[in-house]
Amino acid sequence: MTWNQQKKKKNYDNFWLGFIPGLILPAIFNVIIFKTKWTTEQPLLEAMWKLAEKGFMGKDLMAALLPSLILLIFFSAIKKEKACMGTFVGLTPFLILAFIFI
């Protein structure tokens, strides 16, 4: 491949390509896990916060991180470094929360 062909080839390695799914996936999976495991009449965030304070949500938060970790490994395997960094940055707040509530 010549230099000109490499320049014309589109590079889909982008920070935002990893950041947005890395931030959204744990939140979605956390809600899914909560809805399947617990039943409550309180608003969703209030009920989740009360269970997290009691220490019941730590393992659920860790399980909700798995899709983002799989995405991180996938981006690493296909050598998309910027997307890999974006996924890690999006994953970090949920990782911190999971370690706090364990």
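The largest pocket in this predicted model has a volume of about 230 Å³, a volume being the space filled by probe spheres set on grid points that are joined across faces, edges and corners. A pocket here is an open set of points on a 1 Å grid over the protein atoms alone, with protein on both sides within 12 Å along at least five of seven lines, and lining residues have an atom within 4 Å of a point. The model is predicted, so local features need pLDDT of at least 70 and side-chain atom pairs count only at pLDDT 80 or more, while totals for chains, interfaces and linings use all residues. Residues are numbered from 1 along each chain as its sequence is written, and side-chain values use heavy atoms, with hydrogens and water left out.

**Overall fold**
- The chain has six helices and zero strands, where helices (H or I, at least four residues) and strands (E, at least two) are DSSP runs numbered from the N terminus.
- Along the sequence, this reads as α-α-α-α-α-α.
- Of the 102 residues in the chain, 30% count as buried; buried means under 20% relative accessible area, exposed over 50%, and partly exposed in between, with a 1.4 Å probe and protein chains only.

**Pocket lining**
- The residues lining the largest pocket are Ala27, Asn30, Val31, Leu45, Met48, Trp49, Ala52, Met57, Leu61, Phe94, Leu97 and Phe101.
- Two or more lining residues come from each of H2, helix H3 (44-54) and helix H6 (81-100).
- H3 gives the largest share of the lining, with four residues.
- By class, the lining holds 11 nonpolar, one polar and no charged residues (Ala, Val, Leu, Ile, Met, Phe, Trp, Tyr, Cys and Pro count as nonpolar, Asp, Glu, Lys and Arg as charged, and the others, Gly among them, as polar).
- One of the lining residues, Ala27, sits in helix H2 and is partly exposed, at a relative accessible area of 31%.
- Ala27 and Ala64 are 37 residues apart in sequence, with 7.4 Å between their C-alpha atoms.

**Nonpolar surface patch**
- Trp16, Ile20, Leu23, Ile24, Ile28, Phe29 and Ile32 together form a nonpolar patch on the surface, with about 620 Å² of accessible area.
- Patches take residues with over 30% relative accessible area and no salt bridge, joining like charges within 9 Å and nonpolar side chains (Val, Leu, Ile, Met, Phe, Trp, Tyr) within 5 Å; the areas come from the Shrake-Rupley method with a 1.4 Å probe, and for residues only the protein chains shown count as cover.
- Phe29 belongs to helix H2 (residues 15-37) and is partly exposed, at 32% relative accessible area.
- Leu23 also lies in helix H2 and is partly exposed at 33%.
- From Leu23 to Gly90 is 67 residues in sequence and 4.3 Å in space, C-alpha to C-alpha.

**Salt bridge**
- The count comes to one salt bridge, defined as a side-chain nitrogen of Lys or Arg within 4 Å of a carboxyl oxygen of Asp or Glu.
- Its partners are Lys37 and Asp60, whose closest N and O atoms are 3.2 Å apart.
- The pair links distant parts of the chain, with Lys37 in helix H2 and Asp60 in helix H4 (residues 58-64), 23 residues apart.
- Lys37 is partly exposed at 48% relative accessibility, whereas Asp60 is buried at 7%.

**A backbone detail to look at**
- Lys79 has a phi near 60°, a positive value in a residue other than glycine.
- Lys79 is placed in the loop between helix H5 (66-77) and H6, and counts as exposed at 61% relative accessibility.

Terms used
On a 1 Å grid over the protein atoms alone, a cavity is a set of points where a 1.4 Å probe fits but cannot get out, and a pocket is an open set with protein on both sides within 12 Å along at least five of seven lines; lining residues have an atom within 4 Å of a point.
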